[in-house]
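Subject: The structure you asked for

Hi,

Here is the structure to open up and look through. My notes on it follow just below.

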Amino acid sequence: MSILKLSEPSLVAQPGPTIRITGLTKVFGRRGQETTALSEVSISVKEQEFLCIVGRSGCGKSTMLNIIADLETPTGGSVDVGGRKVGMMFQDANLFPWLTVEGNIDLALKLSGVAAELRKDRIQELLETVQLAHVATKRPHELSGGMRQRVALARTLAQDCEILLMDEPFAALDAITRDAMHEQTERIWGERALTVVFVTHNVREAARLADRVVVMKPNPGRVGSESLITIPRPRTMEDPRVAEAAALLHDMLHTQEMPDD
Amino acid sequence: MTDELVKPRVSAPLTERGARVEVGAGARLWRRVWPPLMAVVIVLALWQVVVTVGWRPIYVLPAPAAVGGALSEMLVDPKFWSALGTTLARAFIGFGISVLIGSIIGLAVSRSRILRSAIGSLITGLQTMPSIAWFPFAILLFGLTEQAITFVIVLGAAPSIANGVVSGIDDVSPQLQRVAHVLGARGMRMYRYVMIPAALPSYLAGLKQGWAFAWRSLMAGELLVIIAARPSLGANLQFNREFANAPGLLAIMIVILVIGVMVDSVFTRIANGVRTRRGMGVVRL
Ligand SMILES: Nc1ncnc2c1ncn2[C@@H]1O[C@H](COP(=O)(O)OP(=O)(O)OP(=O)(O)O)[C@@H](O)[C@H]1O
Ligand SMILES: [Mg+2]
């Protein structure tokens with residue numbers, strides 16, 4: 001059995017996808033100096049699917065997540081999440097600097113309507129998930145970049161959502177912490193039956209986590225290829241099959257970096 | 001195979017070194033206190049020099065020692081304390097009302113596009129208006145009353161405070177707003193949990209500036225609006241001038257300066273505390 005299967009682009013939506021992106025186009029800038037960040041992107045994400053998006057810098061990955069999260073309006077096309085709650089973890093931690101680590105998570109819980117008496121336990125639980133219980137009372141500026149990113153992950157997980165968008169969440173972490181975060185993300189994805197869209201530069205990370213990988217092409221940003229990762233879970237970064245799938249993804253990414261006419 | 005690519009090398013552990021220099025509380029206080037103290041000493045010395053060379057007659061420009069004497073006499077006089085009480089009460093009421101009005105107007109302007117285009121630039125315009133220019137009109141409106149003074153204080157201080165709110169809210173990082181939006185903060189909750197806390201440093205800067213304007217307006221007001229039954233610091237300045245009591249006049253001026261500086265330093269300390277807690281302190285390179 002092959003570990004990586006090229007799949008047909010999901011132009012024809014399957015019955016009841018969780019996220020349906022159709023002909024999505026986004027143009028930034030004023031007339032005369034426009035940047036086409038996304039051009040006719042169509043992807044549909046199944047319920048409880050773990051979708052990874054890889055693609056070189058500037059091919060519109062963050063823009064696409066922003067549009068799914070309703071933070072940016074598309075120039076053309078549409079995104080349909082069927083009224084589901086969307087959570088998002090951004091490329092930068094963006095913690096609230098006036099709140100402590102606990103305070104940041106507490107606010108996220110408060111905003112998703114968790115009662116005050118339940119919040120204390122949930123904060124503790126979330127901090128343990130990201131292995132940061134010991135910095136609960138510290139302020140964001142007192143943490144390392146990787147710690148901040150993990151607090152941001154805890155804060156993202158604090159919200160009660162069905163769709164989770166993650167924009168290069170683990171790029172700043174050391175290998176050991178990152179492996180732990182992969183396990184936690186996978187566990188939470190399973191436990192809460194989330195649909196995850198995960199952006200990364202790291203093809204190995206994509207092979208480790210994804211059910212399906214979308215490779216995007218730059219200038220303008222569009223879908224290059226889609227592949228199913230059929231390696232059974234649990235997986236690890238060191239798994240030779242993960243390495244092999246990563247190598248294939250790497251090749252796909254590189255053949256697409258050729259300037260196309 | 002790994003052994004060839006990655007070869008572990010054992011190195012001797014580094015010994016701990018470097019004794020930390022302990023700084024006592026006294027030394028730290030001294031380090032904070034000596035620069036302003038030095039400045040005061042220099043000013044007093046220059047003053048004494050000017051007096052000694054006889055630039056002006058001694059009954060117009062008294063020596064620091066004479067003013068010191070007048071000051072210490074004044075400080076044990078109950079009439080001074082009641083005048084000070086009146087002035088401080090006015091400052092407190094005027095500034096309090098300014099904070100209330102300035103904050104409300106600031107929030108309203110920051111929220112509404114129509115209000116912003118209607119009165120946004122008016123607020124900035126009011127800030128540049130010298131408050132003393134309001135007094136003739138205020139006296140016409142209210143007569144020689146407390147209201148006339150309060151009216152001018154509020155006109156002087158509220159625009160700065162409103163501006164602090166508006167610029168604070170305008171400068172909230174769009175990325176933080178996005179995070180909050182995704183977390184489910186909308187409308188009032190966005191304001192309460194994100195915009196207002198994020199705008200706090202700028203608001204505090206507005207309060208500090210508002211206080212400076214309020215204190216100036218109050219002093220101008222007490223010079224112009226002298227209410228017979230109510231002695232105040234400003235009225236006492238005027239009386240001392242009329243009786244040509246130069247040491248007494250300068251003593252009151254010192255009190256006015258000290259109060260202004262003290263209140264300002266309270267605001268500065270609060271603002272610095274807030275900034276430090278957010279990691280916004282000055283970086284020394
Ligand atoms: N607000 C904006 N205004 C103008 N151009 C923008 C804006 N945001 C993004 N772009 C442009 O859109 C393109 C895609 O940006 P985007 O941030 O989505 O890339 P990305 O795939 O996330 O890159 P990276 O991997 O480096 O994060 C880039 O060319 C960028 O310059
Ligand atoms: Mg990006």
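Which residues coordinate the magnesium ion (ligand 2)? They are Ser62(A), through OG, and Gln91(A), through OE1, at 1.9 to 2.4 Å. Donors here are N, O and S atoms within 2.8 Å of the metal (3.2 Å for Na, K and Ca), and water is not among the atoms, so sites may look incomplete. The pair links distant parts of the chain, 29 residues apart: Ser62(A) sits in helix α1 (residues 61-68) of chain A, while Gln91(A) is in the loop between β6 (86-89) and α2 (101-111) of chain A. Helices (H or I, at least four residues) and strands (E, at least two) are DSSP runs, numbered from the N terminus.

A word on the ground rules. This is a predicted model, in which local features need pLDDT of at least 70 and side-chain atom pairs count only at pLDDT 80 or more, while totals for chains, interfaces and linings use all residues. Residues are numbered from 1 along each chain as its sequence is written, chains are lettered from A and ligands numbered from 1 in the order in which they are written, and side-chain values use heavy atoms, with hydrogens and water left out.

From Asn94(A) to Leu109(A) is 15 residues in sequence and 17 Å in space, C-alpha to C-alpha.

Now for the empty spaces. Rolling a probe the size of a water molecule over the atoms shows where empty space is left. On a 1 Å grid over the protein atoms alone, a cavity is a set of points where a 1.4 Å probe fits but cannot get out; a pocket is an open set with protein on both sides within 12 Å along at least five of seven lines, and lining residues have an atom within 4 Å of a point. Grid points are joined across faces, edges and corners, and a volume is the space filled by probe spheres set on the points.

The largest pocket holds about 520 Å³ of space. It has 13 lining residues, and those closest to its centre are Val40(B), Val43(B), Ile254(B), Leu257(B) and Val258(B). In chain B, α2 (25-52) and α11 (246-277) each supply at least two residues of this lining, with α2(B) giving the most, seven residues. By type, the lining has 13 nonpolar residues, no polar and no charged. (Ala, Val, Leu, Ile, Met, Phe, Trp, Tyr, Cys and Pro count as nonpolar, Asp, Glu, Lys and Arg as charged, and the others, Gly among them, as polar.)

Why does the largest pocket lie between domain 1 (1-55) and domain 2 (64-277) of chain B? Because both domains give residues to its lining. The domain bounds come from an automatic or database domain assignment.

The second largest pocket has a volume of about 430 Å³. Among its 20 lining residues, Met74(B), Asp77(B), Asn236(B), Asn240(B) and Ile252(B) lie nearest its centre. Its lining divides into twelve nonpolar, four polar and four charged residues, and α11(B) provides the largest share, four residues.

How many cavities of 30 Å³ or more are there? The count is two, and the largest cavity has a volume of about 60 Å³. Residues lining the largest cavity include Met88(A), Phe90(A), Arg155(A), Val179(B) and Leu183(B). Here α4(A) gives the largest share, three residues.

Last, the cysteines. A disulfide is a covalent bond between the sulfur atoms of two cysteines; here it is counted as a pair of cysteine sulfur atoms within 2.5 Å. The structure has zero disulfides over all chains. For Cys52(A), the closest cysteine sulfur is in Cys59(A), 14 Å away, too far for a bond. Cys161(A) has its closest cysteine sulfur in Cys52(A), at 16 Å, also too far for a bond. Cys52(A) is buried, at 0% relative accessible area, and Cys161(A) is buried at 9%.

Cheers

Notes:
Buried means under 20% relative accessible area, exposed over 50%, partly exposed in between (1.4 Å probe, protein chains only).
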